[in-house]
Amino acid sequence: MISPIVGQSSSVPPQDDVYSLLRERIDLPAQLFDAVQIQRKLSGPRVLRYGDLQFASEVFAARFLSGDFTTFAQDGSKVLSVLGDIAGKGVAAGMWFTHLAGLLQSYGRPDFDPTRIATEINRHLCYLKPVAPFVTAFFAQIDCNLGALTYCNAGHFPPILLREDGQTDLLETGGPLLGALEGAEFHSGQLMLEPGDTLVAYSDGVLECRDTSGEEFGLERLMESLRQAKQQSAQATLMMLLAAVQDFANGNPLCDDVSLTLIQRDGEEPTRHLI
């Protein structure tokens, strides 16, 4: 038997190191789960109602933590709805999510004009160049008493406004993605949410969801799915949309985070005629 040479290093790690690595591997899923719960809490309520206006949102991460974010903030009859997408995915995007949540707490007041919110967040992200990622976002302020909506689209895929009569509009007014251009100008669009109208904001993960043949879900299919999915509650409509996306994927894994925000105004009840 040949004795090992004194001082020769072994390629086998010490037993204590092996146990330590195993413990870290076991603890990682629990830590990621805790981080996901923090994201959900920072996002605020998933469902909200004020008068005849309903709000619902949902986010599904492609890799544990999401780079998509949605939030509702309410002050009296005014509600601020935000849906955004941080460049990248996974843990890095999830870490920046916390920073964006803090910026929304500072600048995202329901009584602030969406262009002001976009301008302030853009200024902050540009100050952090080149560390901060690019961010796209859709900001919408709703006066629930009037149904008046003011919005700013900062480089995001244009949300869909589905009118009661089935007509659709895309909400594109705004400016560039956040963190790209110092001093960028942002503009706001205005519209009235009439009874029976529905607005859906979405991330690129919805459009780019692929089926088993590699075909993308796409904007046209999303519009048609929205027409077919509409229910009496915003949450039910949102769940029907998500089901349409999942059915299309047919088990194919997500290639990007998926998020939806839905704002729906109750339709007018039909007039009852006495006989």
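**Reading salt bridges and burial**

Guide: Arg-123 is partly exposed, with a relative accessible area of 48%. That label sits between buried (under 20% relative accessible area) and exposed (over 50%), using a 1.4 Å probe and protein chains only. The model is predicted: local features need pLDDT of at least 70, side-chain atom pairs count only at pLDDT 80 or more, and totals for chains, interfaces and linings use all residues. Residues are numbered from 1 along each chain as its sequence is written, and side-chain values use heavy atoms, leaving out hydrogens and water.

Visitor: With which residue does Arg-123 form a salt bridge?

Guide: Side chains of opposite charge can pair when their charged atoms come close. A salt bridge here is a side-chain nitrogen of Lys or Arg within 4 Å of a carboxyl oxygen of Asp or Glu. Arg-123 pairs with Glu-120, and their closest N and O atoms are 2.9 Å apart. The two residues are three apart in helix H3, so about one helical turn separates them. Glu-120 is also partly exposed, at 24% relative accessible area.

Visitor: How many salt bridges does the rule give?

Guide: The count comes to ten. One of them joins the side chains of Arg-221 and Glu-215, at 3.3 Å from N to O. Arg-221 is partly exposed at 31%, and Glu-215 is partly exposed at 40%.

Visitor: Which residue does Arg-46 pair with in a salt bridge?

Guide: Arg-46 pairs with Glu-58, and the closest N and O atoms are 3.6 Å apart. This pair links distant parts of the chain, twelve residues apart: Arg-46 is in the loop between helix H1 (15–43) and strand S1 (47–50), and Glu-58 is in strand S2 (residues 53–60). Helices (H or I, at least four residues) and strands (E, at least two) are DSSP runs, numbered from the N terminus.

Visitor: Is Arg-46 buried or exposed?

Guide: Arg-46 is buried, with a relative accessible area of 15%.

Visitor: Where does Thr-115 lie?

Guide: Thr-115 is in helix H3, which covers residues 114–127. Thr-115 is buried, at 16% relative accessible area.

Visitor: What joins the side chains of Thr-115 and Asp-113?

Guide: A polar contact of 2.4 Å joins them. A polar contact is a pair of N or O atoms within 3.5 Å; within protein, one must be able to donate a hydrogen and the other to accept it, and residues adjacent in sequence count only if both atoms are side-chain atoms.

Visitor: Which residues is Thr-115 in contact with, leaving aside neighbours within four places in sequence?

Guide: Those residues are Cys-152, Phe-186, His-187 and Ser-188. Contact means heavy atoms within 4.5 Å.
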